[in-house]
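Dear colleague,

I am handing over the structure we talked about, and I would be grateful if you could look through it before reading on. My notes on what was found follow directly below it.

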Amino acid sequence: MAQYFEIYADNPQPRLLKQAATLLSSGGILAVPTDSSYALVCRLDDKDAVDRIRRIRQINDKHHLTLLCRDLSELANYAHVDNRQYRLLKLATPGPYTFILDATKEVPRRVSHPQRKTIGLRVPDRKGLQMLLELHGAPLLATTLIPAGESEPLNDPQEIRERFEKQLDGILDAGGCPLEPTTVLDLTPMNTGGDPIVVREGGGSLAKLGL
């Protein structure tokens with residue numbers, strides 16, 4: 001049965017977030033609010049938890065999961081970033097963007113793209129999630145909380161509780177999310193002098209990045 005944490009969006013309670021971080025450390029899966037929608041998260045190096053997330057979402061291992069990072073320095077541990085890419089990332093983070101970059105050896109092979117060896121990364125702009133990442137001390141693996149057979153993510157923490165409390169270990173209730181997907185940018189063409197590719201335009205402004 002999932003533990004339910006009601007946290008303030010602007011001033012999250014550290015005591016509750018520490019309890020949530022402890023759940024993650026012991027192999028738990030949490031539903032958490034991001035700057036786009038609610039997401040399921042777990043430890044990056046926990047294969048059993050990753051497999052559970054895929055079963056909850058009913059997605060296979062070809063569905064890409066995203067790494068949530070605290071900041072750019074942490075992101076650079078898990079992706080190869082050159083100077084051009086770094087300047088773009090600095091403009092965009094934290095914020096509702098997902099970046100596709102070449103994965104480093106720090107990323108388990110099972111969660112990077114099998115053919116391209118790439119990974120999607122985010123630095124979310126949501127206070128409670130940022131504090132949770134800080135307390136956890138490492139990136140979290142994430143996927144948007146869209147129930148199997150549905151097309152829209154859940155945005156009501158109480159509904160998440162009613163539908164998933166037996167499958168999750170914790171739920172962070174910080175109210176609703178913007179419900180606008182992240183802007184997804186493939187930065188790998190920049191490795192050879194090319195331009196970023198806009199995979200999906202969402203909540204992150206392209207104009208802010210000069211694109």
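Buried residues make up 54% of the 211 residues in the protein, and please keep in mind throughout that this is a predicted model. Among the contacts with a separation of 6 or more, 65% are accounted for by residues 24 or more positions apart.

As for the fold, the secondary structure comes to 6 helices and 10 strands. An open sheet of 10 strands runs in the order β1-β8-β2-β3-β7-β4-β6-β5-β9-β10, and its pairing is mixed. The strands at the edges are β1, residues 3-6, and β10, residues 197-200, each of which pairs on one side only. From one strand to the next, the twist averages 30°. Helix α1, which covers residues 14-25, packs on this sheet and touches β1, β2 (30-33), β3 (38-43), β7 (140-144) and β8 (170-173), while the direction of the helix makes about 145° with that of β1.

A disulfide is a covalent bond between the sulfur atoms of two cysteines, and the cut-off applied here is that the two sulfur atoms lie within 2.5 Å. The sulfur of cysteine 69 is 14 Å from the closest cysteine sulfur, that of cysteine 42, and is therefore too far away for a bond. For cysteine 177 the closest cysteine sulfur is also in cysteine 42, but the distance is 18 Å, which is again too far for a bond. Is cysteine 69 buried or exposed? With a relative accessibility of 0%, cysteine 69 counts as buried, and cysteine 177, with a relative accessible area of 9%, is buried as well.

Notes: Residues numbered from 1 in each chain as written. Predicted model: local features only at pLDDT ≥ 70, side-chain atom pairs only at ≥ 80, totals over all residues. Heavy atoms only, no water. Pairing = 2+ DSSP bridges. Helix = DSSP H or I, 4+ residues; strand = E, 2+ residues; numbered from the N terminus. Axes fitted to C-alpha atoms, helices over the stretch in contact; angles between N-to-C directions. Contact = heavy atoms within 4.5 Å. Buried < 20%, exposed > 50% of the residue type's maximum accessible area, 1.4 Å probe, protein only.
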